[in-house]
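Good morning, and thank you for coming. Please look at the structure on the screen while I go through two of its regions.

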Amino acid sequence: MAVKNIDVYLRENGVKPSYQRKRIYEYLMNTHNHPSINDIYDALIGEIPTLSKATVYNTMNLFIEHKLIEILPIEAKEARFDIYNPMEHGHFKCDVCGNIFDVTIKVPVSELSGDLEGFEVTHEIFNFRGVCKDCLEKKD
């Protein structure tokens, strides 16, 4: 997702655009590795020496509250984040390198199982784990 003016985008979505919030959101837009709080902090502390992990936590919670980002339910030990994307997609986590990749899902929920007959599905979450192709190639 591309945002031309982060300042305006945050304001339009109810978030006061401080310098730290703008830089955190910009980092999330430009980094497609589904970062953790520590990843975000480590990437920005050199540029923003006053940044604290508490600020990153609070900013992420604010972004979640305003539906700008979402938490990936793929890792139990560590929260990972993704820019909110209304297009349904899944995630694949490599058990070797730890990278998380977006996966396009093209299967309609109606074809998955008869177990959902009579249910109203409002959100789909698909998560996969295994070994990515780069790690498989390194192994060979």
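His34 is buried, because its relative accessible area is 3%, under the 20% limit for that term. Please keep in mind that this is a predicted model.

What surrounds His34, once its neighbours within four places in sequence are left aside? His34 is in contact with Leu72, Arg80, Phe81, Asp82, His91, Ile100, Phe101 and Asp102. With Asp102 there is also a polar contact: the two side chains are joined at 2.8 Å.

I now turn to the aromatic rings. A pair of such rings is described by the distance of the centres and the angle of the planes. Searching the whole structure gives three aromatic pairs. In one of them, the ring centres of Tyr9 and Tyr25 are 5.7 Å apart and the planes stand at 35°, so this pair is tilted. Tyr9 belongs to helix H1, residues 6–12, and Tyr25 to helix H2; the pair links distant parts of the chain, 16 residues apart.

Is Tyr25 buried or exposed? Tyr25 counts as buried, because its relative accessibility is 0%. Tyr25 also pairs with Phe63: their ring centres are 5.5 Å apart and their planes are at 90°, so this pair is edge-to-face. Here too distant parts of the chain are linked, as Phe63 sits in helix H4, residues 53–65, and is 38 residues apart from Tyr25. Phe63, at 0% relative accessibility, likewise counts as buried.

To close, ring pairs link Tyr9, Tyr25 and Phe63 into a cluster.

How values were computed. Residues numbered from 1 in each chain as written. Predicted model: local features only at pLDDT ≥ 70, side-chain atom pairs only at ≥ 80, totals over all residues. Heavy atoms only, no water. Buried < 20%, exposed > 50% of the residue type's maximum accessible area, 1.4 Å probe, protein only. Polar contact = N/O pair within 3.5 Å; in protein donor to acceptor, adjacent residues only side chain to side chain. Contact = heavy atoms within 4.5 Å. Phe/Tyr/Trp six-rings, centres within 6.5 Å; stacked < 30°, edge-to-face > 60°. Helix = DSSP H or I, 4+ residues; strand = E, 2+ residues; numbered from the N terminus.
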